[in-house]
Amino acid sequence: MTIVAVQGLAKRYGATVALDFVDMEITVGVTGLLGPNGAGKSTLLRCLATALAPDAGTIRVGGLDPAVAAQRTEVRRRIGYLPQNPGLYPNFTTYDLLDYVAVLKEITDGRQRRAEVRRVLDEVELTDRAKTKVRKLSGGMRQRLGLAQALLGDPALVVLDEPTVGLDPEQRMLFRALISRLGERRTVLLSTHQTEDVGALCERVVVMSGGRVVFEGSPRELAGVAEGQVWLSEQPPVGNAAYWRNADGFYRTIGHQPAGAEAARPSIEDGYLLLLGNAVTTGATR
Amino acid sequence: MTTDWHLDPGLLEQYETGVLGPSRIMAVEAHLLACAGCRALIPADDAWLADSWSAVYDDIHAPRVGSIQRLLTRAGLPEHRFRLLTATPTLRWSWVLATAAVLMLAVAAARVGADSSVPIAQAFLVLAPILPVIAVSGAYGPPADPMHEITGTTPAAGPALVLWRAVSVIGVAVLMATVAAVLLPGPGWYAAAWLLPALLLCTGTLALATVLSLPVAAGILGGLWITGVLAAASDERAVASMFGPTAQLAYLVSAVLAAAVLILRRRRFDLGENR
């Protein structure tokens, strides 16, 4: 079932094109929005979260149009949003901050609000940090608090902008487990430039580059883009193909088959790098 | 832990139904504490336990009700509305104290220089209308509010929230300036002359902020005000005319016009609107 439908979405910042007539559909489950910095991921998420008005195009969230003021409020009731820089007030305690956001989400009854704050604290495993000031939380805990505020009001659609950036491996695993649980009964749209996140979490992936959608499909299909174009060799390839030396001492090349190389099973990262083209891959992999 | 003897089922039933006397209840409970087997026979009231745990948790963690909240609640401000206002950047103690300090300095300077030919008291007239404008500029949106993107995408976002925050900071700033004005030496009209300019600057800033960002709007109008008053400062008659009856009427009319523009364009405060 389509939860979010985007058609012809365009946004410019002066001369810079952030979104170049984007079309996409989001269904229930976890969808990953993958792309390099400046691809337009955050702009798209901000438009979906009603933090930004597009220049052109239409968005429908559960059939509602956020361009219409009256429907925008209803869209906001259905969305939980974690921006890339949430800016959580450092001097608030975890509990106070969630209590404040719960009021913003129209949970005005004190008893109901306290129950809701407890519920989300429990969901992100921060119950024992309720009295801790935000500034004293670790990066991972802060991200979980950001997620908790997005979950207040039990929204059907959760929009997360780069939620795993800057987390250590343990915190990242914890965060992935949380998002995975969320995706069981909600629609989750998360942007990332980590292909590991997509492989671990997402049922669908949308790749953006230069403000456009260049791929939509499953992570397996994204890996399939590089089928027959990934090679392992003992010697580095000649020419300007994208390659790197892996932990086993073999050279992994994406593109044409180097002399003496054997075909390798493509990964999501291979497909992603191939989609973005040589301009990105040669700079990113050497 | 369990014991090698157990409570009689009939006694347990009497305990559950609450018909035992105090001494027998104490005896039964002493045994229950020591015997897991008997304890398991007493049905737990899960809902009661959950409610009790929630109440204890809330008592420990929920925000404390301070004297200001109690005062405002008695005055009719709903508790949830108070929660919204506590996050207003320019309602924090640091800002309030800084504003109070600036006003006290202006009053002190005016009192010390009351006998000099330099019109130091006029510094207060420049300053007093500006302070509410500065407060408004930091009441909502970037860069003053680091959580503006979260705030701006919630159902409560939009003009109502901006106006609630603006009115509350204006109220605090005006209250402090009024107290300072009473302490001001010089002509009696000094104490009230800044009110209508302050009203105009605040409504003007909010109206202009439907086109520009709040800090830019405040900077433009505040800058114009300071430039105007400083330009007139050398001429006592010019200063008097800036705060005279005709000028005050002009401020009032302009403030009403600005308020009309603000009402008409209020939706522009919503992040989801095209500006």
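In this predicted model, 9 residues of domain 1 of chain A are in contact with 6 residues of domain 2 of chain A. The domain assignment places domain 1 of chain A at residues 2–216 and domain 2 of chain A at residues 223–285.

- The centres of domain 1 and domain 2 of chain A, taken over C-alpha atoms, are 33 Å apart.
- On the side of domain 1 of chain A that touches domain 2 of chain A, at least two residues each come from α7 (195–201), β8 (204–209) and β9 (212–217) of chain A.
- Helix α7(A) gives the most to this side of domain 1, namely 3 residues.
- By class, this side of domain 1 of chain A holds 6 nonpolar and 3 polar residues, and no charged ones.

**The contact between chain A and chain B**

- Chain A brings 34 residues to the contact, and chain B brings 26 residues.
- The elements of chain A that give two or more residues to the side touching chain B are α2 (69–78), α3 (94–104) and α4 (110–123).
- The largest share of that side of chain A comes from α3(A), with 7 residues.
- The side of chain A that touches chain B is made up of 18 nonpolar, 6 polar and 10 charged residues.

**The sheet of chain A**

- Chain A has an open sheet of 6 strands with mixed pairing, and the strand order is β5-β6-β7-β3-β8-β9.
- Strands β5 (79–82) and β9 of chain A form the edges, where each pairs on one side only.
- From one strand to the next, the twist averages 15°.
- Strands β8(A) and β9(A) run antiparallel to each other and are paired over 5 bridges.
- Within this part of the sheet, A:Val206 lies opposite A:Glu216 of β9(A).
- Helix α5 of chain A, residues 139–151, packs on the sheet and touches β5 and β6 (157–161) of chain A.
- The direction of helix α5 makes about 160° with the direction of β5(A).

**Where the topics meet**

- Strand β9 of chain A is an edge strand of the sheet, and β9 of chain A also supplies at least two residues to the side of domain 1 that touches domain 2 of chain A.
- Strand β8 of chain A likewise supplies at least two residues to that side of domain 1, and β8(A) pairs with β9(A) in the antiparallel sense.

Notes
Residues numbered from 1 in each chain as written. Chains lettered and ligands numbered in written order. Predicted model: local features only at pLDDT ≥ 70, side-chain atom pairs only at ≥ 80, totals over all residues. Domains from an automatic or database assignment. Contact = placed C-beta atoms within 7 Å. Helix = DSSP H or I, 4+ residues; strand = E, 2+ residues; numbered from the N terminus. Nonpolar A, V, L, I, M, F, W, Y, C, P; charged D, E, K, R; others polar. Pairing = 2+ DSSP bridges. Axes fitted to C-alpha atoms, helices over the stretch in contact; angles between N-to-C directions.
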